[in-house]
Amino acid sequence: MCYVDGLEASTFHDLSNYPWISELEKNYKKIYNELVSYECRQRNIPEGNVVDIDSVMHNGAGPQGDGDWVGPRDAEGSDYGPEWRTLGLQDRSVWSEDIAPQFPFTTSLLAELKVPSCEIFFAKQGPQSGIKPHSDRNNFIITCHLGLDVPEGQCSILVGDETYYWRNGKAVVFDTSVIHSTFNSGSRTRYVLLIRLWHQGLTQTERDAFKLIFDFLDTAAYGEEALADFEAQQLFMGKDRHQGLSTTQAPSAELEQVEKEIKRGKGKNKERKILSGSPSRGKGFGSKK
């Protein structure tokens with residue numbers, strides 16, 4: 001659990017606050033076609049014989065099984081069920097070395113639009129299945145879905161007491177710290193591009209601090225020697241593997257800067273507190289949809 005005090009909460013966000021979304025929507029078909037091409041390559045299927053992605057995937061049970069698609073990364077996965085799977089392009093602002101290069105158009109577009117992402121993946125929800133009501137238990141990350149292949153009118157998400165029905169080529173931004181659930185009542189699998197974003201209320205220094213914390217926690221799992229190498233990288237190399245993050249200051253200076261920004265605040269955020277449990281790599285930034 002991680003809660004940043006002072007961040008505005010809203011079930012569904014106004015898309016006008018995200019100017020890059022219109023370009024994403026204009027290019028949804030190219031993104032979808034790139035996903036179809038990827039799945040065809042995985043199964044050695046000529047693309048000319050493909051009608052839609054379900055004809056390739058066979059609702060997730062194609063000749064190669066689900067391939068690189070994986071289930072929820074939390075310990076139980078009980079909220080999701082076996083019909084919910086993802087294909088990851090980026091995790092904690094780091095592009096996948098294996099999968100991301102196979103989606104050159106999608107990754108280039110997102111980079112050109114300077115989408116403030118920390119996690120990007122394709123997500124599919126099988127027919128007659130859904131995700132149980134739950135919260136991601138953090139409010140500093142919000143979620144964007146772009147409909148790629150959706151059984152329109154039969155597939156929805158409930159956030160708080162508001163319902164949204166996915167549409168092909170249309171995006172939606174919502175707050176997964178609010179209790180939410182999904183259901184696909186159709187006979188086809190729902191496919192979306194899912195982007196998890198830094199909350200707009202976070203300062204750049206706060207974003208960088210979170211990235212540094214997550215990298216530290218990840219590295220700690222490999223022991224003291226790995227931690228020593230990590231600290232040397234931060235102190236002397238002045239950079240890490242995250243997009244747009246350069247840690248040229250010593251950690252103490254970095255934290256001092258964060259404290260100054262927290263105290264200064266913006267608008268109504270006179271004082272910001274961060275209430276945190278231990279963010280777990282096994283669950284990314286929270287549960288995925």
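The legends below describe several close-up views of one predicted model.

Residues are numbered from 1 along each chain as its sequence is written, and side-chain values use heavy atoms, with hydrogens and water left out. Because the model is predicted, local features need pLDDT of at least 70 and side-chain atom pairs count only at pLDDT 80 or more, whereas totals for chains, interfaces and linings use all residues.

View 1. The chain holds seven helices and 12 strands, where helices (H or I, at least four residues) and strands (E, at least two) are DSSP runs numbered from the N terminus. Of its 289 residues, 50% are buried; buried means under 20% relative accessible area, exposed means over 50%, and partly exposed lies in between, with a 1.4 Å probe and protein chains only. Contact means heavy atoms within 4.5 Å, and among contacts between residues at least 6 apart in sequence, 75% join residues at least 24 apart.

**View 2. Helix α2 and the residue that follows it.** The end C-alpha atoms of α2 are 23 Å apart, which agrees with the 22 Å that its 16 residues should span at 1.5 Å a residue, the expected span being 1.5 Å times one less than the number of residues. Buried residues in α2 include Ile31, Tyr32, Glu34, Leu35 and Arg43. After α2 comes asparagine 44, with a positive phi near 55 degrees, although asparagine 44 is not a glycine. Asparagine 44 belongs to the loop between α2 and α3 (53-57), and it counts as exposed because its relative accessibility is 70%.

**View 3. The packing of helix α2 against helix α4.** Helix α2 (residues 28-43) and helix α4 (residues 104-112) pack at an angle of about 145 degrees, and their axes are 8 Å apart. Here the axes are lines fitted to C-alpha atoms, for helices over the stretch in contact, and angles run from 0 to 180 degrees between N-to-C directions. On the α2 side, Lys30, Ile31 and Glu34 meet Pro104, Phe105, Thr106 and Leu109 of α4. The residues of this contact divide into four nonpolar, one polar and two charged, where Ala, Val, Leu, Ile, Met, Phe, Trp, Tyr, Cys and Pro count as nonpolar, Asp, Glu, Lys and Arg as charged, and the others, Gly among them, as polar.

**View 4. The largest nonpolar core and another core apart from it.** A nonpolar core is a set of buried Ala, Val, Leu, Ile, Met, Phe, Trp, Tyr and Cys residues joined through side-chain atoms within 4.5 Å. In soluble globular proteins, nonpolar side chains tend to be buried together. The largest core has 34 residues, of which Trp20, Leu35, Phe122, Leu148 and Ile195 touch the most other members. Its largest share, six residues, comes from α2. Another core lies apart from it and has 16 residues, among them Phe121, Val150, Ile157 and Phe174. Leaving aside neighbours within four places in sequence, tryptophan 20 is in contact with Leu113, Val115, Pro116, Cys144, Ile195 and Leu197.

View 5. Serine 93 sits in the loop between β2 (84-91) and β3, and its phi is near 70 degrees, a positive value in a residue other than glycine. Serine 93 counts as buried because its relative accessibility is 1%. Alanine 100, in the loop between β3 (94-95) and α4, is also buried, with a relative accessible area of 5%. Not counting residues up to four places away in sequence, alanine 100 touches Leu89, Trp95 and Thr107.

**View 6. Threonine 176 and its polar contact.** Threonine 176 lies in the loop between β9 (171-174) and β10 (180-184), and at 0% relative accessibility it counts as buried. Its side chain is joined to that of aspartate 136 by a polar contact of 2.8 Å. A polar contact is a pair of N or O atoms within 3.5 Å; within protein, one must be able to donate a hydrogen and the other to accept it, and residues adjacent in sequence count only if both atoms are side-chain atoms. Beyond residues up to four places away in sequence, threonine 176 touches Ser135, Asp136, Ile141, Thr143 and Arg196.
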